[in-house]
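Here are my notes on this model, as numbered points. Have the sequence and the 3D view open while you read.

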Amino acid sequence: MSALDSKQRPEPSTVMAMSTGSPTLSMAEFIIAGKARVEARRRAAIAACDTVGVILAGAPEAAADIIRRTIVAEARGHCRVLGTGVCASASDAALANGVAAHAHDYDDMCFVSMAHPSCALVPSILATGELVRASGNAVLDAYIVGFEIECRLGLVMNPRHYHERGWHSTSSIGTLGAAAAAARMLGLDAPSTVHALGIAASLACGVKENLGSMVKPLHAGMAARLAKAGLVASKRSIDGPQGYLAAMDSQNPPAALTDAIADLGSRWEILETGITVKLYPSCAATHPALDALLALKDKHKFTTEDIAGIDVEADSMTSRLLTYSRPSTGLEAKFSMPFCAAAAIVLGHPTIETFDAERISDPRIQKLLPVVTLRANSAFDASTPLSQAAVTVRLNDGRTISARADGARGYPGRLTDNELNTKFLACAQRSLNYSAAVAALEGVRAIETTLDITDLTQLCCDGLV
């Protein structure tokens with residue numbers, strides 16, 4: 001049974017009486033008092049497990065190391081930087097863990113916010129959770145309200161905000177989600193939560209031109225770090241005539257936010273749309289095609305020498321994201337359909353090691369790059385948000401074989417427990433020894449029964465390699 005397909009009947013959600021004041025105040029009231037279903041917590045627990053794993057995988061990476069060296073110079077506090085022996089302030093720990101979470105582009109994603117939600121939410125919640133010695137269930141509740149706020153903003157702002165204007169929603173929307181989650185974790189009242197959202201609105205940023213560079217994971221880290229209440233902000237920082245939604249060139253006018261948040265507390269995007277867990281450490285737009293290509297390879301047993309060409313058709317979004325036809329770095333290769341396809345043929349299921357520097361120049365992969373094509377098929381656009389792909393492999397013996405994928409294996413409702421556990425252990429062992437990785441997995445899988453989240457974060461810093 002899929003880990004996302006519980007057969008238990010969920011609890012009825014608590015329908016809240018929303019404020020008749022500003023939409024930001026209504027969001028704040030939901031943030032501090034929203035009560036999610038049990039099944040929503042289960043999905044949040046899966047997201048937490050996946051994200052802790054990718055943080056441990058990303059902790060040794062260059063971008064994470066740069067941030068860690070920066071904060072160590074003036075490290076204060078007791079919040080853990082996972083996969084290391086470093087402790088720092090809550091904001092610095094959130095920054096470091098957020099960068100690590102997004103370092104491999106292996107973290108989850110959401111089709112409504114068009115963001116990687118957990119790489120900002122989980123580091124923010126863990127850091128603030130350590131401050132208040134929160135329970136695992138409190139951590140999951142904070143995750144859920146942050147996720148729901150991101151989704152409602154995404155409903156109003158996308159697709160134009162992400163697709164056409166170049167904003168990286170992981171940062172530009174994720175900053176507000178992380179602020180919401182931290183406010184819940186810290187027990188802020190409604191006015192303070194309004195101010196926290198307003199501060200986050202002024203600090204939200206992140207442009208997609210930096211996709212394929214070391215700055216992309218920084219977006220996640222900054223989103224996590226900036227989620228801390230403090231100064232007094234305008235009550236209309238989000239929906240005012242010169243507020244966040246207007247400045248970010250939202251798809252819909254600021255007034256649309258009122259309708260978008262009207263069902264907060266009664267409808268849960270985490271259950272309806274869900275969270276996509278990545279099974280390959282590359283841009284999610286490559287995943288449907290990789291699923292199809294690997295299935296063809298497994299069925300027909302062809303090798304590199306058998307291939308005359310690989311033709312990929314996908315929706316229009318895919319070609320706008322995968323901009324590197326001849327990548328020169330591992331980060332660029334994650335946004336290259338030719339590289340991902342060629343590497344899947346040569347090396348099999350893509351792993352973190354697939355994108356190591358020496359693999360980029362592998363002559364077997366380089367030989368295949370020119371024969372891989374990517375073409376946008378507008379007919380697939382109607383399937384949004386589930387990306388579709390069609391893959392045709394032309395063989396030297398004259399045969400043509402094809403496969404089609406509607407979404408990818410890690411999409412909501414398709415992920416298995418074994419896939420999640422296998423991914424976690426592979427990721428965690430980049431920072432922890434095997435025994436410590438197993439203990440961390442057992443700990444994070446039991447997050448709903450954890451009385452003090454510091455017990456879990458400690459497990460993620462034991463047995464360092």
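1. Let me start with one residue. Thr 318 lies in helix α16 (residues 316–321); helices here are DSSP runs of H or I with at least four residues, strands are runs of E with at least two, and both are numbered from the N terminus. Thr 318 has a relative accessible area of 0%, so it is buried. The cut-offs: buried is under 20% relative accessible area, exposed is over 50%, and partly exposed is in between, with a 1.4 Å probe and protein chains only. Apart from neighbours within four places in sequence, Thr 318 is in contact with Ala 285 and Leu 374, contact meaning heavy atoms within 4.5 Å.

2. A word on what we're looking at. This is a predicted model, where local features need pLDDT of at least 70 and side-chain atom pairs count only at pLDDT 80 or more, while totals for chains, interfaces and linings use all residues. Residues are numbered from 1 along each chain as its sequence is written, and side-chain values use heavy atoms, with hydrogens and water left out.

3. Confidence next. pLDDT is the predictor's confidence in each residue, from 0 to 100. The protein chain has a mean pLDDT of 89, with 90% of its residues at 70 or more. Residues 1–15 are below 50, and this stretch has 38 contacts in the model beyond near neighbours in sequence. Residues 226–230 also stay under 50; there the model has 10 contacts beyond four places in sequence.

4. Now the overall make-up. The protein chain has 23 helices and 6 strands. Of its 465 residues, 60% count as buried. Taking contacts between residues at least 6 apart in sequence, 76% join residues at least 24 apart.

5. On to the cores. A nonpolar core here is a set of buried Ala, Val, Leu, Ile, Met, Phe, Trp, Tyr and Cys residues joined through side-chain atoms within 4.5 Å. The largest has 94 residues, and the members touching the most others are Tyr 143, Leu 153, Ile 238, Tyr 244, Ile 270 and Phe 424. Take Ile 270: leaving out residues up to four places away in sequence, it touches Ala 40, Arg 43, Ala 44, Tyr 143, Ile 144, Phe 147, Glu 148 and Ile 275. A second, separate core of 41 residues includes Leu 293, Ile 310, Ala 333 and Leu 369.

6. What about empty space? Rolling a probe the size of a water molecule over the atoms shows where it is left. The structure holds 5 cavities of 30 Å³ or more. A cavity is a set of points, on a 1 Å grid over the protein atoms alone, where a 1.4 Å probe fits but cannot get out; lining residues have an atom within 4 Å of a point. Grid points are joined across faces, edges and corners, and a volume is the space filled by probe spheres set on the points.

7. The largest cavity holds about 70 Å³. Its lining includes Ala 48, Val 52, Val 122, Tyr 143 and Leu 456. Two or more lining residues come from each of α2 (38–58), α5 (118–132) and α6 (136–157). By class, the lining has 11 nonpolar, no polar and no charged residues. Nonpolar covers Ala, Val, Leu, Ile, Met, Phe, Trp, Tyr, Cys and Pro; Asp, Glu, Lys and Arg are charged, and the others, Gly among them, are polar.

8. Cys 427 sits in helix α21 (residues 417–428) and is buried, at 2% relative accessible area. Leaving aside neighbours within four places in sequence, Cys 427 is in contact with Gly 53, Val 54, Leu 56, Ala 57, Tyr 106 and Ile 352. Pro 123 is in helix α5 and is buried too, with a relative accessible area of 1%.

9. Finally, the backbone. Most residues other than glycine have a negative phi, and most peptide bonds are trans. Arg 133 has a positive phi, near 55 degrees; it lies in the loop between α5 and α6 and counts as exposed at 52% relative accessibility. Asp 249 also has a positive phi, of about 55 degrees, in the loop between α12 (244–247) and α13 (256–260). Asp 249 counts as partly exposed, at 25%. The peptide bond from Asn 158 to Pro 159 is cis, with omega near 10 degrees, and Pro 159 lies in the loop between α6 and α7 (160–164).

Technical notes. 1 Å grid on protein atoms, 1.4 Å probe; cavity = no way out; pocket = protein on both sides within 12 Å on 5 of 7 lines; lining within 4 Å.
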